[in-house]
Amino acid sequence: MPTFPPLLQPGDLVRVIAPSLSRSWVTEHDHTSIIEKRFASMDLRLSYGRHVDERDAFGSSSIASRVADLHEAVADPEVRALLTVIGGTNSNELLPHLDFDLFAANPKILCGYSDITALQCAVLERAGLVTYSGPHWSSFGMREHFSQTHTGFHRALFEVESSKEWTDDLWFLDQEDRRLESDGGW
């Protein structure tokens with residue numbers, strides 16, 4: 001039977017990690033002030049992995065840096081959730097280096113999507129820990145059409161429920177031309 005990590009409580013600490021692309025790639029179109037306000041509105045504190053801003057020629061950081069940030073976040077008793085910066089193409093590189101016993105012994109929320117799915121599937125399979133396919137840290141920078149995602153994130157990680165609408169666009173390039181898609185539920 002899989003383990004569900006404890007839900008979030010006001011005042012909890014969320015660690016932002018970059019298992020794929022670096023935060024420096026995302027902050028080229030910096031929406032950090034929007035992100036910080038949204039987390040403050042949920043009474044969640046943010047901290048960042050030591051290596052989230054490292055950036056190599058592929059927009060990421062070394063495997064060792066990404067694994068270190070993951071392991072440190074999982075082992076830190078103050079951290080209640082891990083939130084990925086954004087997806088990418090290379091979180092699968094981490095899988096042979098992860099301590100899945102550490103994940104199992106320290107059940108915490110892990111939230112992200114896209115490339116992060118490789119990491120989520122491995123954590124479920126090897127550690128028996130349920131993860132959450134949901135917004136990245138960078139997603140919280142969407143100026144428009146984010147209220148449904150924000151509400152869904154809060155309900156899923158503080159409560160539990162499904163979203164009625166969603167978006168699938170390069171919002172960080174064009175904040176003006178965005179469309180909502182209808183969802184049929186779970």
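A salt bridge here is a side-chain nitrogen of Lys or Arg within 4 Å of a carboxyl oxygen of Asp or Glu. By this rule the count comes to ten salt bridges. The structure is a predicted model, in which local features need pLDDT of at least 70, side-chain atom pairs count only at pLDDT 80 or more, and totals for chains, interfaces and linings use all residues. Residues are numbered from 1 along each chain as its sequence is written, and side-chain values use heavy atoms, with hydrogens and water left out.

**View 1. Salt bridge between E176 and R143**. The N to O distance is 2.7 Å. E176 sits in the loop between β6 (165-166) and β7 (181-182), and R143 in the loop between β5 (132-133) and α6 (147-158), 33 residues apart. Helices (H or I, at least four residues) and strands (E, at least two) are DSSP runs, numbered from the N terminus. E176 is exposed at 64% relative accessibility, whereas R143 is partly exposed at 39%. Buried means under 20% relative accessible area, exposed over 50%, and partly exposed in between (1.4 Å probe, protein chains only).

**View 2. Salt bridge between E72 and R50**. Their side chains meet at 2.5 Å, N to O. Because E72 lies in helix α3 (residues 63-75) and R50 in the loop between β2 (45-48) and α3, the pair ties together parts that are 22 residues apart in sequence. E72 is partly exposed, at 32% relative accessibility; R50 is exposed, at 59%.

**View 3. Salt bridge between D169 and R178**. The N to O distance is 3.1 Å. R178 is buried, with a relative accessible area of 7%, while D169 is partly exposed at 25%.
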